[in-house]
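Here are a few notes to read alongside the model. Take them in order, with the structure open beside you.

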Amino acid sequence: MTNLFTGEALSAFLQVIMIDLVLAGDNAIVIGLAAAGLPADQRKKAILIGIAAATVLRICFALITTQLLALGGGLLIAGGVLLLWVCWKMYRELTVSHAEEHAATEALADADLNKDGTVAKGAPRKTLRQAAIQILIADVSMSLDNVLAVAGAAHDHPEVLIFGLLLSVALMGVASAYIANVLNKFRWIAWIGLLVILYVALKMGYEGLDQVLGHTLPAIPFIKG
């Protein structure tokens, strides 16, 4: 068991919490956007499908990804590149229009938050099947993103990794709508989360490259000691 009271372990712990909060909220907003165009009686069903699928996928990917990342530098590099793609996707989602994000938040809460007489006003209409397919495709991508980011941040600290994955599942199952609402109101939290994931991606990629090159790369503060 690693020492959880070292500076490195505490840093990993805080990074994992931030990653889980931001990506759980981000995943919830994507689910809300897909469900926003449904009639009220189908909206809850679509959101339930999305959150349940995201929870199960996180568990499955966690069992696979943590073993893969332990195999060597090449996979760490691949994980870092994938996380850079996550950062790009997050950047695009953070620049989505406020109206679209508000519609997603109202759909998740199933409430008329802005008191305009409708829930998720202006969202394009769709069928439950269309929404479910859109949600499941997004869940596969975002669940893998979440597990990779947590595994990268908690590298060499298995207790932090286990905590992060359990927190991720709990947040998606219990508090995703609340977190999405908070991120909608305080966008700066999501931007900080984006920077944390960017740092994890760069650190993971550099460590992987260092392993591949026989630990010959120079030390960089906060990246390689």
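1. Let's start inside: Leu23, Asp26, Val86, Lys89, Met90, Glu93, Met142 and Asp145 line the largest cavity. On a 1 Å grid over the protein atoms alone, a cavity is a set of points where a 1.4 Å probe fits but cannot get out, and lining residues have an atom within 4 Å of a point. By class, the lining has four nonpolar residues, four charged and no polar ones (Ala, Val, Leu, Ile, Met, Phe, Trp, Tyr, Cys and Pro count as nonpolar, Asp, Glu, Lys and Arg as charged, and the others, Gly among them, as polar).

2. A word on the source: this is a predicted model, in which local features need pLDDT of at least 70 and side-chain atom pairs count only at pLDDT 80 or more, while totals for chains, interfaces and linings use all residues. Residues are numbered from 1 along each chain as its sequence is written, and side-chain values use heavy atoms, with hydrogens and water left out.

3. Back to the cavity, whose volume is about 40 Å³; a volume here is the space filled by probe spheres set on the points, and grid points are joined across faces, edges and corners. The structure holds one cavity of 30 Å³ or more.

4. Which helices supply at least two residues each of this lining? They are H1 (7–35), H3 (73–94) and H5 (128–153), with H3 giving the largest share, four residues. Helices are DSSP runs (H or I, at least four residues), and strands are too (E, at least two), numbered from the N terminus. The protein chain has seven helices and zero strands.

5. Methionine 90, one of the lining residues, is found in H3. Methionine 90 counts as buried because its relative accessibility is 3%, where buried means under 20% relative accessible area, exposed over 50%, and partly exposed in between (1.4 Å probe, protein chains only). Beyond neighbours within four places in sequence, methionine 90 is in contact (heavy atoms within 4.5 Å) with Val22, Leu23, Asp26, Ala190, Leu194 and Ile197. From methionine 90 to leucine 194 is 104 residues in sequence, yet 6.9 Å between C-alpha atoms.

6. Do look at serine 168 too, in helix H6 (residues 158–185). Is serine 168 buried or exposed? Serine 168 is buried, because its relative accessibility is 2%.

How values were computed:
On a 1 Å grid over the protein atoms alone, a cavity is a set of points where a 1.4 Å probe fits but cannot get out, and a pocket is an open set with protein on both sides within 12 Å along at least five of seven lines; lining residues have an atom within 4 Å of a point.
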